[in-house]
Structure formats: structure tokens, C-alpha cells
Amino acid sequence: MANVLFIVVDSLMPQPLNTLLQQRELPGFSFLISHGYQTTLTSVFPTMSVVNDSSILTGTYPDEHGIPGLVWFKRDESRIVDYGDALGNIIRQGALTVGRDTVKHLNDTHLSQQVETIHEYLAKRGISSASVNLMVRRGLSKHPLRTPFNRLLGVESVSGPEYLHLGYFLDDGTENFPTPFNQYGYGYDQVKQMTVNLMTHPNRPRLIISYLSDPDKTIHKEGPDVRRPVYDVDRFIQHILGTFPSWEDTLQTWTIAVMGDSGQSHVLQNKAKALIRLDELLSPYTLLGMGKGQNEADLAVAPNERSAYVYPLYSQMDLPQLAKRILRDERVDLVAMPTDKGAHVLTAKGELFLRKGGSQSDPYGQAWEVEGDPALLDVKGTKNCWEYGKYPDVFRQLYGAVHSQPPPFALLAAKPGYEFQFQTSPTHVGGGSHGGISEKEMTVPLIVGGTTRKPVYNRLVDMKKFMIDCLA
Ligand SMILES: [Zn+2]
């Protein structure tokens, strides 16, 4: 029985990877592929890491796991939730609310209790697992936070699998205190050390999920074609393969899978063009972001890089009308809204209504009824089925996003080259960005070494079942 190591690489993309593979410059990846295979998966919408990770870990879409984005408006608490992008960031910003949302609420409150993470699933069956640095990691064990972060955040311990690392923020009895010099425990070297220690532990866990956040940052800065992160990840894989006397020995003991979570789209160099300012797009309405009180605003907005949630704060607003106005800005790709049992999707070319059910199934066995023109989403309907074009699973992805939280709201996605901006939201002019629903953001690689076992379907939501199958 092999143990399984899953390496989730933030923003790993097929294109630079394939180019370098063809040039035979990636010994680590090549070794895995020659002892397994390579394929691609389709992600979930919005393509933000917390949403993706929640789907990987629970095998469900956002309407089921309940994490709508990195940033979203929690209507029952009248506030914007923002998970930040890494613990280090949060400590730098000193934002305690952000810290509590990330460290505690994301896993213990916001991630639905109706879904089960892979760690919970395995622990209930007496199978041990480990999580290295993933933001989403709910499990049945408790782990104490290191002083003074426990006092600062008012959080004594966090839930996770039997073995858990969150950078160097947990009190694990070691001296490794998180500082900028050790990247707070989130760099390649730190993740490598933590992962190798777990792989060689006398009571080693059956499953390890390790997360590499660095590639995302480089690609945000330098754009989706940058190759350095792929070389870095390959070196990481080589080190992991070197854990036992030979690379073959390592694959005998550990099945190794490497996957992306979402890709990135380029962002134009021209700042005025590249950034879709939400205050301009939604003028003359007043907007609620992280700062202002709700009474003064018409709409709450939550930008997630290349997508944005827009929430009306009073009831008589005509959202489809607003959507049509928004689409006059030709940088906006589509606007989607929840309906009773489905989604209302508008593009500049027209609109369609999507509902679960009916007699036409998509390639994943999901049945849909469509009113309007499915060609708007590059989908073809035949007598019994739906055929996706450039956007595999786009119906379920849209449905998942617009039912990720209570209505009413609209979800905007930008065309490649652009991103949404409001107040201090991060921007990536001349670099790369994600959050949208374009082909590049939705397509991620999966490389598996040590088994030829395949996932049932090639989607992020099929990875939980795939990990379980690999453990069998
Ligand atoms: Zn990112």
C-alpha cells in the first residue's frame, strides 16, 4: 500500500510546463510522468485559491462548501470577509479581523459543516493525514498556535489533520519562529523540510498535502509566461524524490501527484485600461468596501482580482438592468446572478437562463435546462447532451458560484487582460491575475508518478475521491 503525497502548486499552468518538458529541462516532472502520466483538470469559479482549495479538499463546488471567494460580503453580519493571501501578509498588515477570518472562521465557521474534508474523511476511518501550509485544512485534531499569535488573535488552537503545518505559526515544539527571513515558513526550503520530515517520520501519515505558494507571487508580478517558477517546482520535486536512496525507491513508498489550483491571465501594461475601477463602473452608486458603514452605501462590492461580487443593499434594485449597464464596458466578459433553481447569465451578445435538471446531460453526467443561447458560453446542445467547447464544466462552475452565498448579488468576470479594482484591492498591471472564468485560468496540470490510476473526471472536484482511490 503506497502512501500518497499531493503537491498543490498555486498557479501552476500547463503552457510553460509543456514547453520546458519538450526541451527536456525538467528532470523531476519528467521522472514522475515516465512513471505515471500527465493530464489537465478544470478548476472552479471564482478561480481564487481558498475557493479552489476548498473544492480540492471537499470534492464539492462553492454552492456546497460555502466559500465564495477570497473576499466576499457576509450579509448576515453586514461586513466584508477578507482572508488575506497568506498568514505572513496578515501579520505584516496587523489586521486582526483578517487574521481571525483566515485562521479560524474560514475552516471552522464559513466552510460548510455539511461537507467533509479529505482529512475528516480519513480520520474517521483511522487513517492519518498531514497538511503543509494549505489555508483550508479542517480536521478532527487540534493544534495550538504559537505565542504571541494566539493572544493577538484570541485563538488558542486551530483544527486540522493529525499532522499540521501553517508556516511556522503553530506551536510544534520547535524553535522556528516565523520571520521575513524564513518566509514565515512558506518558502520552498521550508515546505521541502516539513514534507521530507513527514515522509520519513516513523509513524508517517498515509496522505500528505503540501502547498507551494511562491509560483503564484512570481506569476502575478511577471505574467503567465514566466518560466522560473516551473524550474523552482521541478527542483522541489527532485529534492522530494531524493528522500530515499533512489528516486525509484521514493516512488515505491510514495505515490506523488503535482497539481495546479488555477491558472492566470495576463494583465495589460496600460494601467488605465487594465484596471476596471468598480467605482467608475458602478457610478453613480455609492459603494461599501472594507471601510465605510453600510447606511451610506447602495452596493457592497468584493473584488476578487478578475471577478467581483456586487451586492445590492436595498431590495428594489433591478439587478438584470444593472448587469446590462455593466456590460456596456467591453472589458467585462459576463455577469451572472442566482435565480431560484439556477443562474441568469448575461454577456454583451445576449443572455441565458440555466437550471439543474432536464433530459440533456453534460459530459460529467450533470443534467441542465437552458433557455436562451448556450453558444454564448461556447456550449452546443444536441438531443440528449451538452457539449462544452473552450470551457469544460462551465454550467456547473457558474451555478456553483452564484449559489455560494444567499441572494441577491451579481458576479462579474473580466475578459483576459483586465482586472477589477476598488480601494486597496491588489492589482497586477503588466503581470498576471486570476479569479475569472477564462480558459487559461480554468485549466491546470495534473502530473502523477507511481501509479497509472486516473481520476473519474478531470476536474478539481474529483481530486478528493482520487486521493482516496490512490490510498486503496
Ligand atoms: Zn494569486
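This is a predicted model: local features need pLDDT of at least 70, side-chain atom pairs count only at pLDDT 80 or more; totals for chains, interfaces and linings use all residues.

Analyst: Residues are numbered from 1 along each chain as its sequence is written, and side-chain values use heavy atoms, with hydrogens and water left out.

User: Where does the second largest pocket lie?

Analyst: A pocket is an open set of points on a 1 Å grid over the protein atoms alone, with protein on both sides within 12 Å along at least five of seven lines; a cavity is a set where a 1.4 Å probe fits but cannot get out, and lining residues have an atom within 4 Å of a point. The second largest pocket has a volume of about 430 Å³, and D333, T347, K349, L376 and Y391 are the closest to its centre of the 17 residues that line it. Because domain 1 (3-264 + 437-471) and domain 2 (271-430), with bounds from an automatic or database assignment, both give residues to the lining, this pocket lies between domain 1 and domain 2.

User: How many charged residues are in the lining of the second largest pocket?

Analyst: Asp, Glu, Lys and Arg count as charged; Ala, Val, Leu, Ile, Met, Phe, Trp, Tyr, Cys and Pro as nonpolar; and the others, Gly among them, as polar. The lining of this pocket has nine nonpolar and two polar residues, and the charged ones number six.

User: Which element gives the largest share of the lining of the second largest cavity?

Analyst: The second largest cavity has a volume of about 50 Å³, the space filled by probe spheres set on grid points joined across faces, edges and corners. Its lining has eleven nonpolar, one polar and no charged residues. Helices (H or I, at least four residues) and strands (E, at least two) are DSSP runs numbered from the N terminus. The largest share, three residues, comes from α11.

User: Is α10 roughly parallel or antiparallel to α11?

Analyst: Helix α10 (residues 214-222) and helix α11 (residues 228-241) pack at about 165°, with axes 9 Å apart; axes are lines fitted to C-alpha atoms over the stretch in contact, and angles run from 0 to 180 degrees between N-to-C directions. Angles under 35 degrees count as roughly parallel, over 145 as roughly antiparallel, 65 to 115 as roughly perpendicular and the rest as oblique. Therefore α10 is roughly antiparallel to α11.

User: Which residue does a cis peptide bond join to T147?

Analyst: Omega of this bond is about 10°.
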